[in-house]
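Open the model in your viewer and keep the selection panel at hand.

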Amino acid sequence: MRKLRIGMISFAHFHAFSFLNALRNMPEVEVTGISHEIRSRVESVLEQTGIAYYEDYRELLKTDIDAVVICSENVKHAAQTIDAANAKKHVLCEKPLGISVEEMERMIAACEVNGVQLMTAFPCRYLTAVVQAKQAVNRGEIGKIVAIKGTNRGTFPGGWFVNPQQSGGGALLDHTVHVMDLMNWFLAGSRVKEVYAYAATLFQEGAEVEDAGMIHMKFDNGVFGVIDTSWSSPKSFPTWGDVTMEIVGTKGVISVDSFAQKNELFSDDIGKGIYSFWGDGMDKYMVKGFVDAVLNDSPVPINGLDGLRSAEVALAGYRSVKLVQPVQI
């Protein structure tokens, strides 16, 4: 059996640890290298796995790997993806794909020119509730979609996420893209044409980026959408966040609570309640989708254009906030 040789570029985003765990449990995959600028961030992983370490990701790209998984700070996605493409490596890149439409277009173009695939990391497409809702919509159970209301509310992440020089934005960018991708997926063939957004810093005094936002969009087929995109949950909240949707159709409504499959733990030692998710692992299925596509030379399930179409809505939201009016895409 042919094995796909994969390198990990950066563990700045916490999803990298989950992605690595998923990859290491796939017999058809061999993770051969890890790159992160600060070795101490990945020292425990290196000790546990024996995977080779590269301080400079460009040295990792010189090896015989087939693909890379990029989980760096948002501002680094474009350069690292383009370098990987030029080295003929397939790319799975953390969301948001980029922090400007122009750089995302360059990422997509570089991968196309070099004959490699670019996949955007949107694991929420693999959540059981989301998959079943998509199937119900495809069967016509709620008729024609009229509107979608979504939420992606979480806790304040701190670190580089709240440094605009590294993240490119705050909650509006970070928490729009997941649910926006789901909306685009459910409304395949239609594109957002107008965006109106609100953003503010309401919960973390002195933060450099917004921690609250609402983003409204109008699709070219007439469907309306809205997402509550915020870091509004307190530290004591039982989980890191949510992903919900209410899909309104001409014949019915589907309500999606993506992380409802959970146990509730109340511990005096921890000092707060904890939601322990027991549903299917979305990261595992997403990573497998990438691996299968590369091994079988078939299109990745969530490509670079999907990443662009999601992020461009959030970026339009910032223009709307600045102008205090709707903007066109």
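Two strands count as paired if DSSP finds at least two bridges between them. Strands (E, at least two residues) and helices (H or I, at least four) are DSSP runs, numbered from the N terminus. This is a predicted model: local features need pLDDT of at least 70, side-chain atom pairs need 80 or more, and totals for chains, interfaces and linings use all residues. Residues are numbered from 1 along each chain as its sequence is written, and side-chain values use heavy atoms, without hydrogens and water.

**The sheet**

Select residues 29-35, strand β2: β2 pairs with β3 in the parallel sense over three bridges. Find isoleucine 34; tyrosine 53 in β3 stands opposite.

Now show the whole sheet. It is open, has six strands and runs β3-β2-β1-β4-β5-β6 with parallel pairing. β3 (52-54) and β6 (118-121) are the edge strands, each pairing on one side only. From one strand to the next, the twist averages 25° (angles run from 0 to 180 degrees between N-to-C directions; axes are lines fitted to C-alpha atoms, for helices over the stretch in contact).

**Helices on the sheet**

Next, select α4, residues 77-86. α4 lies across β1, β4, β5 and β6, at about 170° to β5.

**A helix pair**

Finish with α6 (128-138) and α8 (171-186). Their axes come within 11 Å and cross at roughly 25°. So α6 is roughly parallel to α8 (angles under 35 degrees count as such; over 145 is roughly antiparallel, 65 to 115 roughly perpendicular, the rest oblique). Show side chains: Val130, Ala133, Lys134 and Val137 in α6 meet Leu182, Trp185 and Phe186 in α8.

Note on methods. Contact = heavy atoms within 4.5 Å.
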